[in-house]
Amino acid sequence: SALGNVSDARIAVNPIEEIRSRQVFYVEEAINVKQLCDIVSEFQRKCFEEKKWLVVFVDHALLIDGKSSDERTNVADLEKALIRLKKVGRTTIFQLMQLNRNIESAERRSNRLLHYPTRSDLSTADAVYQASDQVWVIHRPELLNIKSYGPHEIDSEKKVFLHIIKFREGEQKILMFENHLDINRMELPSQPEKAGQEQTYS
C-alpha cells in the first residue's frame, strides 16, 4: 500500500461538485432485503429507459431488517442481493458502515504499526469485504488522541485520512485531506508537498 499524492486526492474530490446537481431520492424507513431489491430494481428500469447511471447508497448494512436473529446471516443475505443488483445495467452501490471497537484499543493506539484500519476492523467484516469491489475507510486518528499517525509518524492534527484497503482493479492507497468538517468539507492539503510523494508501508 502507499501514501497517495495530491493528484490522487484531487480525483476523489472533484466529482463531489458534480454530484450536487444530481437528483437524489431517499428512503427514511427501515426496510428488508426484498423491499430494497424492489426499490432498486424499479430505479434500474427507469435509468435504463432514460440511459442514466444509477448510484445507490445503503446506510448502513446493519439497519436492514432481516429474517434471522443472527446479524451476520442478515448481512450475508444483503450482500448476496447487492451483488445481484450491481450486475444489472449501469449500477454502482455504496455501503456506509461503522468500524468495530478494535481500532480504539489501547494496544492499537500506542503502537504506530497498528494505527491503520484493516479488514478486521469492519463490522461483519467477511461478508461486506468479500462482496465489495472497493473498501474505503475514513479515519480521524486525532479523535483517538493519536498525534503522530502510522509508521511514517504523520502529524494528524486537523487531518482526515482516506484508506483504500481494497481495490479490486487497482492498488491500496492512503489519501490525506485537511479537516474542514465544520463546513462539511475535506480539502486538499494547503501545502501540497506535505501530501507526500508515494511512500510504502507494511
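User: Which strands each supply at least two residues of the nonpolar patch?
Analyst: Strand S2 (54–59) and strand S3 (91–96) each do so; strands here are DSSP runs (E, at least two residues) and helices likewise (H or I, at least four), numbered from the N terminus. Please keep in mind that this is a predicted model, in which local features need pLDDT of at least 70 and side-chain atom pairs count only at pLDDT 80 or more, while totals for chains, interfaces and linings use all residues. Residues are numbered from 1 along each chain as its sequence is written, and side-chain values use heavy atoms, with hydrogens and water left out.

User: Which residues make the patch, and what is its area?
Analyst: Trp53, Val55, Phe57, Phe94 and Leu96 make a nonpolar surface patch of about 520 Å², with areas from the Shrake-Rupley method and a 1.4 Å probe, where only the protein chains shown count as cover for residues. A patch takes residues with over 30% relative accessible area and no salt bridge, joining nonpolar side chains (Val, Leu, Ile, Met, Phe, Trp, Tyr) within 5 Å and like charges within 9 Å.

User: Where is leucine 96, and how accessible is leucine 96?
Analyst: Leucine 96 sits in strand S3 and, at 38% relative accessibility, counts as partly exposed, a class between buried (under 20%) and exposed (over 50%), computed with a 1.4 Å probe on protein chains only.

User: Switching to charges, how many salt bridges does the structure hold?
Analyst: The structure holds 12, a salt bridge being a side-chain nitrogen of Lys or Arg within 4 Å of a carboxyl oxygen of Asp or Glu.

User: Which residue pairs with lysine 86?
Analyst: Lysine 86 forms a salt bridge with aspartate 133, their closest N and O atoms being 3.3 Å apart. The pair links distant parts of the chain, 47 residues apart, with lysine 86 in helix H3 (residues 71–86) and aspartate 133 in the loop between helix H5 (125–131) and strand S4 (134–139).

User: And what about arginine 168?
Analyst: Arginine 168 also forms a salt bridge with aspartate 133, with 2.7 Å between the closest N and O atoms. Arginine 168 lies in the loop between strand S7 (159–167) and strand S8 (173–180), 35 residues from aspartate 133. Through shared partners, salt bridges join Lys86, Asp133 and Arg168 into one network.

User: How accessible are lysine 86 and aspartate 133?
Analyst: Lysine 86 is partly exposed at 26% relative accessibility, and aspartate 133 is partly exposed at 36%.
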